Amino acid sequence: MSRSEWCGTHSEGTNTLQASGGGRGLKRIRQQKEKHAELAARTSARMELLLNEDAGCVEAEGAERTFRYRQSEMAAAVPVAAAQNYFDLQLEQLGPYSLSYSRNGRNLLIGGAKGHIATMDWREKRLVTEFNVREAVRDVQFLHNEMLFAVAQKRSVYIYDHTGMELHCLKRHSHVNRLTFLPYHFLLVTADDHGTLRYLDTSTGQSVAEIRTRLGALKCVAQNPRNAVVQLGHFNGSVSLWSPSVSSPLAKIQCHRGPLTSLAVDTPGHYLLTAAMDSTVKVWDMRTYQPLHTYKMPRPAISMDISGRGLLAVGRGRQVSIWRDVFSQKQLSPYLTHGVKGEICSLQFCPFEDCLGIGHALGFSSMLTPGSGEPNFDALEANPFQTKRQRQEAEVKQLLEKIPPELIQIESDSIARLRKTSGVEEEEVGEEGGSRERRGTRVGGKTLALKRQKSREHFARAKRRTAVHKELENQKRSQTGDKSDCSDEAGAQKNIILARFRK
């Protein structure tokens with residue numbers, strides 16, 4: 001079993017702990033987290049009354065096994081509306097195909113390696129646009145909604161609208177292998193053959209970062225939905241984590257001994273799945289960076305994806321296998337299996353639907369996967385039934401709530417722990433005319449004004465202390481009398497000490 005190598009430095013978390021005051025600060029942070037978790041649990045418990053839909057699944061009877069069920073048998077048993085999700089598109093001369101679903105799961109984008117591009121409303125089986133770029137297509141990706149999409153072609157990356165009109169040509173993004181989009185940051189991420197990772201802000205058209213990883217060609221890319229950290233798989237079997245604000249990897253994990261072929265991250269962002277040329281698939285806990293389970297496959301997995309309900313899809317050769325509960329314990333057999341006619345190129349679960357999209361060498365196929373889609377969706381986050389007016393309002397809201405790229409980091413909740421100084425040292429004059437200091441409550445770091453004030457007070461106290469010492473020494477030298485008498489000496493010292501308090 002390979003070991004994980006942690007090479008990241010968490011400067012934000014270190015500064016927070018130093019400012020919080022050691023053990024007491026840690027205890028206060030832990031108590032606040034417990035309160036927030038308890039409040040979230042109570043809120044979710046109250047909202048469960050409105051979530052009345054349950055996720056379905058396939059159950060076997062007796063000695064039967066669910067992975068032996070065929071898609072044709074399942075389509076005959078499910079309702080008519082669900083059976084329509086099982087279909088095939090025969091496109092033998094233009095494949096292999098890569099695919100991308102929109103955030104609300106309503107639109108489908110497919111791109112053939114020989115230049116064929118098409119978008120469709122797959123629920124209504126309505127073609128939106130179709131054209132041929134007459135150039136090799138490596139990957140396709142929807143942007144913040146179904147109105148815009150990016151295509152990684154042979155030379156550059158192009159941006160098209162829903163009608164097929166070319167809007168932009170990103171010439172600096174050349175020889176790109178993989179595309180991914182960060183919806184909350186409006187960042188298009190590209191990875192090319194030269195080992196360069198680029199971030200482009202699609203709302204302004206400005207380049208945010210251009211990072212040379214120096215780790216070879218980049219063909220395995222995945223994003224963590226929890227903190228928007230981009231994860232890259234390399235030929236040496238390692239996985240590196242990247243942020244646009246840092247030119248070096250945030251962390252590195254040595255996962256396999258051979259080249260990686262695919263990566264996948266679950267929706268909460270707690271688990272990472274890696275597949276390599278040694279025909280193994282490993283499950284990693286991203287909170288501890290330790291492996292949990294290892295699965296041995298008959299052939300190397302070319303593509304993987306995780307649904308919103310935690311189902312894992314693994315595509316190898318012409319076979320697709322669906323695994324359930326892979327994070328909690330190691331499974332002995334898959335949940336569902338399905339075979340296609342061509343070599344599999346890409347996989348992706350459709351959001352809010354129990355189906356899996358498969359792009360292969362001979363076209364596109366849709367597979368029924370009961371229990372993969374989230375039945376209770378948030379209409380304010382992604383609405384599968386939104387109208388044109390709702391889409392426009394959601395786009396404006398996304399732009400207003402756009403997160404700056406500087407906030408992308410591994411510890412996504414560390415920003416909430418940073419606090420400003422809320423108190424300074426105060427002076428109060430006593431009844432006897434003396435001054436006494438009282439410290440206010442300080443939370444977080446120190447400001448420049450507070451540092452200057454503390455420095456002045458430190459020098460003032462040192463000056464007063466030096467003056468008192470000199471006065472005592474002068475009084476001792478001026479005293480005359482018999483030094484041999486201990487009682488007289490003690491009395492003289494007492495008089496010397498009390499002399500400075502006389503009026």
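The paragraphs below lead through a predicted model of one protein chain, from its overall make-up to some of its individual residues. Residues are numbered from 1 along each chain as its sequence is written, and because hydrogens and water are left out, side-chain values use heavy atoms. Since this is a predicted model, local features need pLDDT of at least 70 and side-chain atom pairs count only at pLDDT 80 or more, while totals for chains, interfaces and linings use all residues.

The secondary structure comes to seven helices and 30 strands, where helices (H or I, at least four residues) and strands (E, at least two) are DSSP runs numbered from the N terminus. Of the 503 residues in the chain, 43% are buried; buried means under 20% relative accessible area, exposed means over 50%, and partly exposed lies in between, with a 1.4 Å probe and protein chains only. Among contacts (heavy atoms within 4.5 Å) between residues at least 6 apart in sequence, 47% join residues at least 24 apart.

The loop between β1 (87–90) and β2 (97–101) contains P96, which is joined to G95 by a cis peptide bond with omega of about 0 degrees. In the loop between β10 (176–182) and β11 (187–192) lies F186, a residue that has a positive phi of about 55 degrees although it is not a glycine. F352, in the loop between β26 (344–349) and β27 (355–360), also is not a glycine and has a positive phi, of about 65 degrees. Is each of these two residues buried or partly exposed? F186 has a relative accessible area of 3% and is therefore buried, whereas F352, with 23%, is partly exposed.

Leaving aside neighbours within four places in sequence, D201 is in contact with H185, F186, L187, Q206, V208 and K402. With K402, the side chain of D201 makes a polar contact, side chain to side chain, at 3.1 Å; such a contact is a pair of N or O atoms within 3.5 Å, and within protein one must be able to donate a hydrogen and the other to accept it, while residues adjacent in sequence count only if both atoms are side-chain atoms. D201 is buried because its relative accessible area is 9%.

The last topic is the aromatic rings. A pair of aromatic rings is described by the distance of the centres and the angle of the planes. Rings of Phe, Tyr and Trp (its six-membered ring) pair if their centres lie within 6.5 Å, and planes under 30 degrees apart count as stacked, over 60 as edge-to-face and the rest as tilted. By this rule the count comes to eleven aromatic pairs. In one of them, the rings of Y101 and W122 have centres 6.3 Å apart and planes at 70 degrees, so the pair is edge-to-face. This pair links distant parts of the chain, with Y101 in strand β2 and W122 in the loop between β4 (116–121) and β5 (126–132), 21 residues apart. Y101 counts as buried at 5% relative accessibility, and W122 is buried with a relative accessible area of 1%. The rings of F377 and F385 have centres 6.1 Å apart and planes at 45 degrees, so that pair is tilted; F377 is partly exposed at 30%, and F385 counts as exposed at 57% relative accessibility.
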